[in-house]
Structures are given as structure tokens and as C-alpha cells.
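Thanks for coming. I have one structure to go through today, so let me put it up.

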Amino acid sequence: MKNPVVTIENVSFKYDGQEQYALKDVSFQIYDDEWLAIVGHNGSGKSTLAKLLNGLQFPEEGRIQIGGIDLTEETVWDIRKLIGMVFQNPDNQFVGTTVQDDVAFGLENNGIPREDMVERVQSSLKSVKMEQFLDQEPHHLSGGQKQRVAIAGVIALRPKIIVLDEATSMLDPRGREEVLDTIRQLKNDHQMTVISITHDLEEAAKADRIIVMNGGELYREGTPEEIFQMDEELVKLGLDIPFPVKMSKMLKAKGIPLNKHYLSEEELVTQLWTSHSNK
Amino acid sequence: MDISLQQVEYRYQANSPFERLAIQNVSIDIPSGTYLAIIGHTGSGKSTILQHLNAILRPTEGKVVIGDREVTNAKKQKNLKEIRKRVGIVFQFPEHQLFEETVEKDICFGPMNFGVSEADAKVRARKAIKQVGLSEEILQKSPFDLSGGQMRRVAIAGVLAMEPDVIVLDEPTAGLDPRGRKEIMDMFYQLHKERNLSTVLVTHSMEDASQYADQIVIMHQGQVYKKGTPREIFHSPDGLIELGLDVPEVVRFQQKLEAAFKTKLAKTCITLDELTDEIDQLFKRGEPK
């Protein structure tokens, strides 16, 4: 049975001074050990959701439960131990004067013993391939490198849940892949739940489940397979269609026999080869 | 206005213990009216090149020719304002640099700083706001009441209002959703076409580079690894893949298809339409092998 680690019930939220609700009556659950991608256009409520999960904002209505604890102003500090957040802009989350100080910051705050701390700083920087930069100052690092340090800072705290709020959007393709591989690895080793808020559909396609947000509401929920069959509907929501699906569609329009819209390039190539050979 | 980098080298904090070689032997020509994309990994030297395009940095070796000006290490340069006026840079997340009370004041700030009268600057602001696809009413609003996408457009309008001859874009679509990304890229392409505006796009996105640029420069470890038209660059993508760079989806798919079919398509496709047509041809030709 799937075990919910996060329960969001009828949550509504609006920012001070705004008329429009950023989130309207949103309900869903996030399960233990799953990789959930949350997609949606800019302003669809994705990032607001991330802020609510960590108690940076509190819902106006509704309820959020994390690891069985109701998220309130009293419990927020306990809950922040369960959730690690990585935000989009690395410049806004670098607090230390050097790379290792930055990673150590969160550990110190949580009263981790020194020996343990040294080891965790080293190993988490290694896992994001930044172990060569221990004493570098942040302004010597590129945006992507800073982001990897931020991720190391979160990983060092061994949270139960990691929230990536567009965390790879400023990295180059290799950097992005490295970071995602690292997180996949960590997820497997430590049975973490990953919530990834992203515009990267290729990344979303690899998630266990996708939630589509639109105008502050939960628009659709399903497996990548189900979500990407939405096709043009996704474009209308300000999103895009993954390449293999686009390619399948155009080939079908030319009269090339294909059973469905494929989600992976490999599947599509195989199918093309099969139908070509059977002609 | 033509820009040309000739054997440019740049060392950060030269002659200090922290000296670091960022780029070396970089030669790139950007004739007037070009759309050039510069691609490479984080740390490959892209941003260092960008800062040479309007003399924020002076090369430690070699020279940069911007219009009729030559920028070298030799002497302290005077009057770089003229260069900065003619080469507009849209930095990453330009909306972070908005600061005025109204959108209009923010857009007028740049031109007025360069000696344009307030009245003329306002005329330019009206023109620029339309060029970025926003309506004139927005001019009287506070930039901080706008959505992220609108703020980015306002920031871009501020650069356009300087009426530069060359526009340099540093990851202009970072953080935007797919629709916003396409809108901004289409907008720059239209400006490029309509006004023959030289455009330099610094990006990670091979997709954008292959779709919009006439010329691509690939940077690797501070040096030019390859330059050419998109078709030339992607004709032999293996080298790029070895460097860990992305190739466009179309190119990657063509490679996988060719490997499975053990045959070559007639040409290197760089658009989805081209690739669809080629695959269609392959099916019409009939029997494999």
C-alpha cells in the first residue's frame, strides 16, 4: 500500500494585497518514496505550493499534514527537519562565506556533532561533485556550481522529503543530469520522497506521477503516460509536449502507421523499425 | 555595427595568486545583422566573452574590435559609453534590476543616462513597450506589481529603448514556462529580422540555438571548440555528445533512427518538419537494408 507522507486538504492561499487566489481549494497526497513532478505555467501556483509545504507561508484555508504532523506555526520547526528545499536562484540561498561553511550552516543549526558534521559536509559535496571547492568563496562559483552547493546543503541534513523548486533550471544540461542522477541515487539509498517543481518535461516524464497546476487549481493528476496523452491541451495550459510525442503525431499525420504517441525516443524508433520491416 | 574578437585571452585577477585563465585564443566575427549563438557548459567562458562585447572586461591578450573602436589591454580606455550605448546586454534575470517607481521611468532611465531628453526617452519607452508585446497602459504601473514574465519584458524594453545596434542576450528565457520561453524567443527573432538587429544569444539551449541562430559558436574550457551554421555544427554531433553537450532533440532522434535502420537519411535535419519529411521518404523508398 502506498503510504501518504504529505496530505494537502482543500488548501487555499492568497498573497497579501492580491485579489486573486494563488491556490484555490487544492487537495492531493504525496506518497512515501515517490518522485512527484508538479508542472504548470508561471503563476499557476506551483511555487506557492512549495512555500506552503515548508511553512514559509500558511494556508488561508485547508490543512497540510507532513509525516503525520499537522503543519502549524508551532510544528513548523519540526517539519522543516523533514523537508529540504532547493530553490531556483542559487544567489538567494548561499549563506556561508565558503562552500564548506555553507553546507555546514544547516548542520550547525541542527546541532550535529562536529566529527559527524565534517564527514557529512565532505560526502554531500562529493555527491554533487563539488568536493574540489571546499574553501572557495561563493562569488567565485558559477550559478550552476552554487546550486550544487545548495543541494549538498540540503542533502547533508538527510531530510525525508526533498522539494526541488525549479532547482535545475539554471544549470547546463550536463549539470542538470548530474544533479538529477545524484538525487535519484540519494532517493534510492535513503528512501526519500522527491517533489520536483519543474518546466522540464523530459524530467517530468521520468517521474512516478505528475500533477498539472493551472491558475491556482489542481488541473490533472496522473502517470507521465496519462498526462502526456493530453497533447494539445498541455500547450493551451502554457506547457509543451515532449519531443517523442510531437514526433509521433507528425509521423502519424504523414500516414506512417503508429499505434500511439510514444513517450520515449527508443520506443518510437523501435516501433518505426518494426512497421518499416513489416511493410 | 561589426564586432570582432581577435585571439582574445582573459585572466581574472591577473598577476595575483588568484589568477584564473577564463578564455584563450578566442576569435569570433559578428558582422552586422548576424544572429549568433554561443553555447557551452557552465564555466566554458561564455559569460566572459559576453562581457567583452561591450567592454565591461578588457582582454588581457588580443583585441576586441567594436565598430570603429579597438579595445585592448594596452591603455586605459576612455569614453566607453558610446560602446555601451550601441551594444545592449540583457543579463540573466534582468527583472532583478528593475528599481524605479513606474515602468516608464524604469525604461527611460537607460536612454536618459546616455543623454536622451526626457521627452524623447518617453517616446522611446512607448515604442519599446510595444516591441516587447505589452500595452502602453502598463507604463504608469509599478514594475513590482507585474507578473514575472511581464517584469522580464519591461527589463528587456529598457535595453531596447537605448536603441542598440547589437543586442546580447544571456539566457533570456531562464525560469520561464515553455510558452513564455517561445514568446520571448520569437520576439527577439522578429526584432532581429525587422530591424536587422545583430543578436548574440548566450545559452545552454541547443534547441534555441539551432532554431534561431545563423551561426553557432561552441565553447569548451575557455576555447572555441567549433563554429559554423547549425547544419554544419550538427552534421557530426558525436564530438558534442562526448563533451557532454546536448544536441537538439531532432538531431538526437535522427542519430538513433539511423543507428536502428543502419542507413543515413539524405540530410542533417534541424527542424521537426525536415525530419518528418525525411522519415516519410524513407518509408516511401520501401524495403530496408
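Predicted model: local features only at pLDDT ≥ 70, side-chain atom pairs only at ≥ 80, totals over all residues.

Residues are numbered from 1 along each chain as its sequence is written, and chains are lettered from A and ligands numbered from 1 in the order in which they are written.

Chain B has 11 helices and 10 strands; helices (H or I, at least four residues) and strands (E, at least two) are DSSP runs, numbered from the N terminus. The C-alpha trace spans about 70 × 50 × 30 Å along its principal axes. Of the 289 residues in chain B, 44% are buried, that is, with 20 or more other C-beta atoms, placed from the backbone, within 10 Å of their own.

Now the domains, whose bounds come from an automatic or database domain assignment. Domain 1 of chain B is 3-247 and domain 2 is 248-289. Their C-alpha centres lie 35 Å apart. Nine residues of domain 1 are in contact with seven of domain 2, contact meaning C-beta atoms, placed from the backbone, within 7 Å. On the domain 1 side, helices H7 (206-212) and H8 (230-235) of chain B each give two or more residues, and H8(B) has the largest share, four residues.

Finally, how many residues of chain B touch chain A? The count is 30, in contact with 33 residues of chain A. Helices H5 (148-160), H6 (178-195), H10 (249-261) and H11 (272-285) of chain B each supply at least two residues of that side, with the largest share, six residues, from H10(B).

Terms used. Contact = placed C-beta atoms within 7 Å. Buried ≥ 20, exposed ≤ 12 C-beta atoms within 10 Å, placed from the backbone.
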